[in-house]
Amino acid sequence: MTTIDLTTTEPTAVEPIDPEAVTAFAGRYLDILNSAAIAMLTSVGHQTGLFASLSELPPATSEQIADAGDLDERYVREWLGGMTTAGVVHYDPVGRTYHLPREHAAVLTPAAGPNNLALLMQHISMMGEVEQPIIERFRRGGGLSYADYPLFHRNMAETSAAVHDAALIDVILPLAPDLPARLAAGIDVADIGCGAGHAVNLMAAAYPASRFTGYDFSEPAIRQARAEAERMGLTNATFELFDVTALDAREAFDAVTAFDAIHDQAHPATVLRNIREALRPGGVFLMVDIKASSNVEDNIGLPWGSYLYAISMFHCMSVSLGLDGDGLGTAWGGQLARRMLAEAGFEDVAVADVESDPFNSYFVATK
Ligand SMILES: C[S@@+](CC[C@H](N)C(=O)[O-])C[C@H]1O[C@@H](n2cnc3c(N)ncnc32)[C@H](O)[C@@H]1O
């Protein structure tokens, strides 16, 4: 048997770093710098209505574009500069006109519905608003409160409404076999973490024989939900300002939905158990939640993987931790979701995808 004399072992030579890899990586980061700036410009373009204006105008000067949106020309011209250098807007230096190609309008305007990627950029700017408190939480732990995000419910409502307007009634609800027929006949439905309530109101309008209750603990969101129900003249949609951790309904509903509202719960296991208790035998639970793996290594190739961990750190995980919660995180993943559903008593779970909503998995569980 040979032994190694460590005292005489030559130190291992350190490999020189690859200068080409350094240059390539630095280039990637310059690209990230520029892309981050484009994300912010896009968020502003969405909120000021500039993309919608541009899509309706022929090639136009900055003055014409500003006039069309009743905006300040100097700001509009600077924004157009950023959009032009990004290749989003095309510029004709002779006539000094700007133009949004129709192919770009198809992913940046409200008319694009769930394909409108501009509205998602608002989530990037929201993260910037809480950067300092989040850095502080790195040092001393804890979380944030929903009140720290004055625009969260507005942004979330806009994002989910784009999907629900396009697909809730015709694509999403039929994922649960028999659900549309039962809704048409008249059943009791609860929506957990309903936010601004648009999904509930759409379902209530489509199925007047059924009764819908939306639960959320955000006062502004519930106010918005009730106002929309009133505008729509709905008498079968009610909204309750309520913390679903305390939901103690027993066999009160035939169907329960939760649209992106489990992963940011403070106590998701309790809420899942409450949901199962609230269902009547044979009842259906439709849980829509982020499509990811529970293993970080599986998410490396996910095109929006870093976005998921970022929005989690800046919002979903933090609001859960802010309530002394589990801080599951946005990328809790399908494996953990299935395990927690099983632990809550949901043995029979099917998972589906919806084309207009690539970010989410659709779990259909039956009691
Ligand atoms: C990501 S948002 C989704 C909102 C809505 N379902 C949608 O798709 O637009 C999660 C919602 O759950 C609500 N929420 C979180 N924890 C809650 C709890 N324990 N009780 C009631 N609502 C809760 C939040 O206020 C928020 O409106």
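Contact here means heavy atoms within 4.5 Å. The model is predicted.

**Exercise 1.** Which residues does Leu 173 touch, leaving out those up to four places away in sequence?

*Solution.*
1. Apply the contact cut-off of 4.5 Å between heavy atoms.
2. Leave out residues up to four places away in sequence.
3. The partners of Leu 173 are then Leu 168, Leu 179, Pro 180, Leu 183, Met 203, Tyr 207 and Leu 286.

**Exercise 2.** Find the residues that touch the most other members of the largest nonpolar core, and the elements that supply this core.

*Solution.*
1. The largest nonpolar core has 32 residues.
2. Leu 168, Ile 172, Leu 173, Leu 183, Phe 212, Phe 239 and Leu 286 touch the most other members.
3. Helices α8 (152-172), α9 (179-185), α10 (198-206) and α11 (219-231) are among the elements that each supply at least two residues. So do strands β5 (237-241), β6 (253-259), β7 (279-290) and β9 (360-366).
4. The top contributor is α10, with five residues.
5. A separate second core holds 27 residues, including Ala 190, Ala 249, Ala 278 and Leu 336.

**Exercise 3.** Describe how helix α1 (residues 19-47) packs on helix α6 (residues 121-129).

*Solution.*
1. The two axes come within 8 Å and cross at roughly 115 degrees.
2. The range 65 to 115 degrees counts as roughly perpendicular, so α1 is roughly perpendicular to α6.
3. The crossing of α1 past α6 is left-handed.
4. From α1, the contact uses Ala 39, Met 40, Thr 42, Ser 43, His 46 and Gln 47. From α6 come Met 121, Gln 122, Ile 124 and Ser 125.
5. Sorted by type, the contact residues of α1 and α6 are four nonpolar, six polar and no charged.

Notes
Residues are numbered from 1 along each chain as its sequence is written. This is a predicted model: local features need pLDDT of at least 70, side-chain atom pairs count only at pLDDT 80 or more; totals for chains, interfaces and linings use all residues. Side-chain values use heavy atoms; hydrogens and water are left out. A nonpolar core is a set of buried Ala, Val, Leu, Ile, Met, Phe, Trp, Tyr and Cys residues joined through side-chain atoms within 4.5 Å. Buried means under 20% relative accessible area, exposed over 50%, partly exposed in between (1.4 Å probe, protein chains only). Helices (H or I, at least four residues) and strands (E, at least two) are DSSP runs, numbered from the N terminus. Axes are lines fitted to C-alpha atoms, for helices over the stretch in contact, and angles run from 0 to 180 degrees between N-to-C directions. Angles under 35 degrees count as roughly parallel, over 145 as roughly antiparallel, 65 to 115 as roughly perpendicular and the rest as oblique. A crossing is left-handed if the near helix is turned anticlockwise from the far one by less than a right angle, and right-handed if clockwise. Ala, Val, Leu, Ile, Met, Phe, Trp, Tyr, Cys and Pro count as nonpolar, Asp, Glu, Lys and Arg as charged, and the others, Gly among them, as polar.
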